[in-house]
There are 2 protein chains.
Amino acid sequence: MFTLFHHPFCPQSRFVRLALGEYGLDLRLVEERTWERREAFLALNPAGTTPVLIAEGRPAIPGAGIIAEYLDETHGAGMGERRLMPTSIGERIEVRRLMAWFNDKFFEEASNPLVTERIYKRFMDEQDGGGAPAADVIRAAKANVRYHLAYIGWLAKTRNYLAGDRLTYADLAAAAHLSAIDYLGDVPWVEDDAAKAWYARVKSRPSFRPLLSEWLAGVPASRTYVDLDF
Amino acid sequence: MFTLFHHPFCPQSRFVRLALGEYGLDLRLVEERTWERREAFLALNPAGTTPVLIAEGRPAIPGAGIIAEYLDETHGAGMGERRLMPTSIGERIEVRRLMAWFNDKFFEEASNPLVTERIYKRFMDEQDGGGAPAADVIRAAKANVRYHLAYIGWLAKTRNYLAGDRLTYADLAAAAHLSAIDYLGDVPWVEDDAAKAWYARVKSRPSFRPLLSEWLAGVPASRTYVDLDF
């Protein structure tokens, strides 16, 4: 049994949930509001960020990339064809490159500003940065979503899945970040058919179901969010 | 023979140089000015960032963390006691946590703003963001250096090296970022004796020599930079 300190809209936490779901590993979720800087949470992860995975007998495992490496080292070999990290060195480089692309770059340029402005700020006190969403931040982030979507579309046209023939961490990372902002209606799917078709395939996997069924009170999901044939 | 696309003041590139140096691996350096967004470089790494390591017969390997994993997978097992990533799962989590702490968090909060303002901006055209250093950015980054230095000091007091008994990637990451800003005189060593003593040990390693001998025309190194007994 794992415990994940997460936020339902933290895109990197969504990535970890998808990975554990693909591996059929049981998970208890603890919602953490990182902006409250809870002391017991900072003791687990001094960086104060989600996700943090707790596995029995291990130090707390902070961050999407580190959790992915941990899961590969402890469970990857036993997963056979379902392993989310390929075994060849060259393919591992590409999967790690794309994991970092989405968990770091897409996060910084698009998913984190959108989720922060539209969701987190609702729950923050004024002194923590709460308040009305900043229109200029949202505008810049939405422009970035468009170029990322085109990159995903290009990858999806070139390959079966984003990093190659099979589903890997790269697909889960991209889909996790997209899912958080798709809830908010911030993904212009009409702009890229290839990206949309790839996302529809990933979204229809059983590991995705728990994400799609969680709604936030007062913030209804976009028309495309739950619909598998959006 | 490896080729590294780097900048002499890119702290993450310095980390990679230290790691290759510790493993005794030969390296050819190519200086990349990422703000020029050279097309051939973007083809190697669409993210447009240094470091990028080229190893024969492999796809280009972008980013300090991905390069560290690559080196561990291809050379780690043969390095015995000198391996920079421990073999036990728990210690690997801690080394990866601290690698990310320095290569991501320290980079974002301290080393990258200082190097950008004080070095890169000298070489940038006005349209790329060149010009005079922004005093408020430097002030904020220097304040962040102080809390990071205290954290390093705390780790160094608790353990022999930052992640445990032996030298690991964690030490090289911390030392690489500190070295870039120590050149600029931006590390208040007097504030933390334990951090200073730990850094003096790491800095005296042969892998550090190439970094210490490179000076930038027009920007003299600080008094503490080359002196091993600073």
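Visitor: Why does A:R38 count as partly exposed?

Guide: In this predicted model, A:R38 has 36% relative accessibility. Buried means under 20% and exposed means over 50%, with partly exposed in between, so A:R38 counts as partly exposed at its 36%.

Visitor: What makes A:E32 buried?

Guide: The relative accessible area of A:E32 is 3%. Because buried means under 20%, A:E32 is classed as buried.

Visitor: Why is the contact of A:R38 with A:E32 called a salt bridge?

Guide: The closest N and O atoms of A:R38 and A:E32 are 2.6 Å apart. The definition asks for a side-chain nitrogen of Lys or Arg within 4 Å of a carboxyl oxygen of Asp or Glu, so the pair qualifies as a salt bridge. In general, side chains of opposite charge can pair when their charged atoms come close. Over all chains, the structure holds 34 salt bridges.

Visitor: What makes A:E191 and A:R146 a salt bridge?

Guide: Their closest N and O atoms are 3.0 Å apart, and the cut-off is 4 Å; the pair therefore counts as a salt bridge. This pair links distant parts of the chain, 45 residues apart: A:E191 is in the loop between α6 (169-183) and α7 (193-203) of chain A, and A:R146 is in helix α5 (residues 135-158) of chain A.

Visitor: How do you know that A:E191 is partly exposed, and what is the class of A:R146?

Guide: A:E191 has a relative accessible area of 40%, and A:R146 has one of 48%.

Visitor: Which parts of chain B does the salt bridge of B:R83 with B:D72 tie together?

Guide: The closest N and O atoms of B:R83 and B:D72 are 2.9 Å apart.

Visitor: What makes β3 and β4 of chain A a pair?

Guide: Two bridges join β3 (residues 52-55) to β4 in chain A. Pairing requires at least two bridges, so these antiparallel strands pair.

Methods
Residues are numbered from 1 along each chain as its sequence is written. Chains are lettered from A and ligands numbered from 1 in the order in which they are written. This is a predicted model: local features need pLDDT of at least 70, side-chain atom pairs count only at pLDDT 80 or more; totals for chains, interfaces and linings use all residues. Side-chain values use heavy atoms; hydrogens and water are left out. Buried means under 20% relative accessible area, exposed over 50%, partly exposed in between (1.4 Å probe, protein chains only). Helices (H or I, at least four residues) and strands (E, at least two) are DSSP runs, numbered from the N terminus.
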